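Trainee: I would like to learn how to read salt bridges and nonpolar cores in a model. Could we work through one case?

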Amino acid sequence: MDEVFRALADPSRRQLLDSLNERNGQTLRELCAGLRMARQSVSKHLAVLEAANLVTTVWRGREKVHYLNAEPINAIADRWIGQYDRARAQALADLKRALEGEPMSDTEFVYTTYIRTTPEKLWQALTDPAFTSRYWDTVFESDWQKDSPITWVYKGLRIEDPEQVILESQPYRRLSYTWHTFTPEFQELVGGMPAEMAAEPRSRVTFELEPQGDVVKLTVVHDGFQPGSQVLEGIRGGWPPLLSSLKSLLETGEPLAV
């Protein structure tokens, strides 16, 4: 975690994080326009923030879009914050609250974590019922081919719909599918789901796997939301613990109790 503290120690890098916290998903050009820094300086600071996993990037066509990533702050706050002095702990707590406060993007969720595993094992953990049932309480039934249907089985409830399909499937590299239908049975199972959530347009989730030495960089992009989406607000709180449990399962053999 030393690289996280080093990245946060520079005021210019904190300014970049503040800019992304105000409006997540900016290109280098947009970040430079909003800050009094030269393009080269912004690029160097972003490289440090990316190395510390405080910023994650997604390519949109020919443009590289930058997102604030909460994973390292959550990891420090949840596991090791007690080891650091009060000033550092307070700074991390303030940033953690900012990251978990108002939505950083009102149309998508982006999260990156690094898992000590292989692309093959991570792909299996995303698709094999033996894995997904342990950290997600969900089983997926699909042949995982592009345009194939995908059935969700959540706590024994089968959720089927012709619009639940695999959008993209590149084994060990990239997987994308549409989110499940909020059926009346599902709404009853989870309890208290507002009717407005069930009426929202269907979203999609994409997993990008990038091997980096003995770890795999996993980036999750959940998008397709409209501004003000209540479903987006819900998944923003759901994905981080789920992905932490996935990481724990692959690295220790046991999921987290989340």
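Trainee: Which residue forms a salt bridge with D223?

Mentor: Side chains of opposite charge can pair when their charged atoms come close. The term salt bridge here means a side-chain nitrogen of Lys or Arg within 4 Å of a carboxyl oxygen of Asp or Glu. D223 pairs with R204, with 3.0 Å between the closest N and O atoms. D223 is in strand β11 (residues 215-223) and R204 in strand β10, so this bridge ties together parts 19 residues apart in sequence. Strands are DSSP runs of E, at least two residues, and helices are runs of H or I, at least four, both numbered from the N terminus.

Mentor: Two remarks on the source. This is a predicted model, in which local features need pLDDT of at least 70 and side-chain atom pairs count only at pLDDT 80 or more, while totals for chains, interfaces and linings use all residues. Residues are numbered from 1 along each chain as its sequence is written, and side-chain values use heavy atoms, leaving out hydrogens and water.

Trainee: Is D223 buried or exposed?

Mentor: Buried means under 20% relative accessible area, exposed over 50%, and partly exposed in between (1.4 Å probe, protein chains only). D223 counts as buried because its relative accessibility is 10%. R204, at 36%, is partly exposed.

Trainee: How many salt bridges are found in the whole structure?

Mentor: The search finds 15. One of them joins R174 to E168, with the closest N and O atoms 2.8 Å apart. R174 also meets E208, at 2.5 Å from N to O. E208 is buried at 15% relative accessible area, whereas R174 is partly exposed at 26%. Elsewhere, E141, R158 and E160 are linked in a salt-bridge network.

Trainee: Which residues touch the most other members of the largest nonpolar core?

Mentor: In soluble globular proteins, nonpolar side chains tend to be buried together. A nonpolar core is a set of buried Ala, Val, Leu, Ile, Met, Phe, Trp, Tyr and Cys residues joined through side-chain atoms within 4.5 Å. The largest has 41 residues, and those touching the most other members are L122, W136, Y177, F207, L218, W239 and L246. Its largest share, nine residues, is from α11.
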